[in-house]
Amino acid sequence: MSLNLSADEVLSTTRAVRKRLDLTKPVPRHLIEECVDLATQAPTGRNRQRWHFLVVTDNAQRAAVADVYRRAVHLAPGTPLTSRDLYRMNAHGSWPRIADGLDYLYKHIHQVPAIVIPAVEGRTDQATVSEQAGTWGSILPAVWSFMLAARARGLGTVWTTAQAPLERELAQILHVPYDRVMLAALIPLAFSVGTDFRPAKRIPRDQALHWNQW
């Protein structure tokens, strides 16, 4: 399935989808494989290609992963919101929708037909900023490419990191060598209910763009 979107349309309408995930329709394996093929065309530090994508579709495995997700949500400290963060969220009226979406995903995560867990070889627990930049810079572009490819195929995704506090337990469930491989995110994947996503409200360009200096 292809939505025949232009590159600009894919880039500007790939949204975080939580409530509009079709929980009743399986995602064909070949579509996921196509998304991974495109993801692994992304840039990667020193061309080491240390990326991995774990796709969970088995009912028992999904239930186990969902259980870790739900318990980890309550353990994640999160980043404190600044007054500027709150102003932007309230100004755009986005926070109530986000909170509602988070609650919905929490309640239905076990029903999502596929859960994709991107991983990268190498841990950053005690790494320098330079090492962290190299490792995350080798997985984030690939995952974003995966999500863009999913959008182009009528699939919805959302980047979550709720698994982080229980990453070691999740690694055990998935038989991942925790000491050598880092689980970067937990991404629900499903056909989206409707495909009419639009560009989001963002801060004006002049607040984000700087020429030559801050």
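Mentor: Start with two helices. Helix α3 (residues 59-73) and helix α7 (residues 167-174) pack at an angle of about 175°, and their axes lie 10 Å apart. Keep in mind that this is a predicted model.

Trainee: How is α3 oriented relative to α7, then?

Mentor: Go from angle to word. Angles over 145 degrees count as roughly antiparallel. The α3–α7 angle is about 175°. Therefore α3 is roughly antiparallel to α7.

Trainee: Which residues of α3 and α7 meet?

Mentor: From α3 come Gln61, Ala64, Val65, Val68 and Arg71. From α7 come Glu169, Leu170, Ile173 and Leu174. Sort the residues of this α3–α7 contact by class: six are nonpolar, one is polar and two are charged.

Trainee: At what angle do α3 and α5 pack?

Mentor: The α3–α5 angle is about 140°, with the axes 9 Å apart. That angle makes α3 oblique to α5. On the α3 side, the contact uses Tyr69, Arg70 and Val73. On the α5 side, Leu105, Tyr106, Lys107 and His108 take part. By class, the α3–α5 contact has four nonpolar residues, one polar and two charged.

Trainee: How far apart are the axes of α2 and α6?

Mentor: The axes of α2 (residues 29-39) and α6 are 8 Å apart, and the helices pack at about 140°. So α2 and α6 are oblique to each other. The crossing of α2 past α6 is right-handed. In this contact, α2 supplies Ile32, Cys35, Val36, Leu38 and Ala39. Its partner α6 supplies Ala142, Ser145, Phe146, Ala149 and Ala150.

Trainee: How many residues of the contact of α2 with α6 are nonpolar, polar or charged?

Mentor: Nine are nonpolar, one is polar and none is charged.

Trainee: Now to empty space. How is it found?

Mentor: A probe the size of a water molecule is rolled over the atoms, and it shows where empty space is left. Take the largest pocket here. About 1,200 Å³ of space lies in it. Its lining has 28 residues, and Arg15, Ala16, Arg97, Ile98 and Ala200 are the closest to its centre.

Trainee: Which elements give two or more residues to the lining of the largest pocket?

Mentor: They are α4 (83-91), α5 (95-108) and α6. By class, this pocket lining has 12 nonpolar, five polar and 11 charged residues.

Trainee: Which element gives the most to the lining of the largest cavity?

Mentor: That is β3, with three residues. Both α6 (129-152) and β3 (155-157) supply at least two residues of this cavity's lining. By class, the cavity lining splits into five nonpolar, seven polar and two charged residues.

Key:
Residues numbered from 1 in each chain as written. Predicted model: local features only at pLDDT ≥ 70, side-chain atom pairs only at ≥ 80, totals over all residues. Heavy atoms only, no water. Helix = DSSP H or I, 4+ residues; strand = E, 2+ residues; numbered from the N terminus. Nonpolar A, V, L, I, M, F, W, Y, C, P; charged D, E, K, R; others polar. Axes fitted to C-alpha atoms, helices over the stretch in contact; angles between N-to-C directions. Parallel < 35°, antiparallel > 145°, perpendicular 65-115°, else oblique. Left-handed = near helix turned anticlockwise from the far one by under 90°. Contact = heavy atoms within 4.5 Å. 1 Å grid on protein atoms, 1.4 Å probe; cavity = no way out; pocket = protein on both sides within 12 Å on 5 of 7 lines; lining within 4 Å. Points joined across faces, edges and corners; volume = space filled by probe spheres on them.
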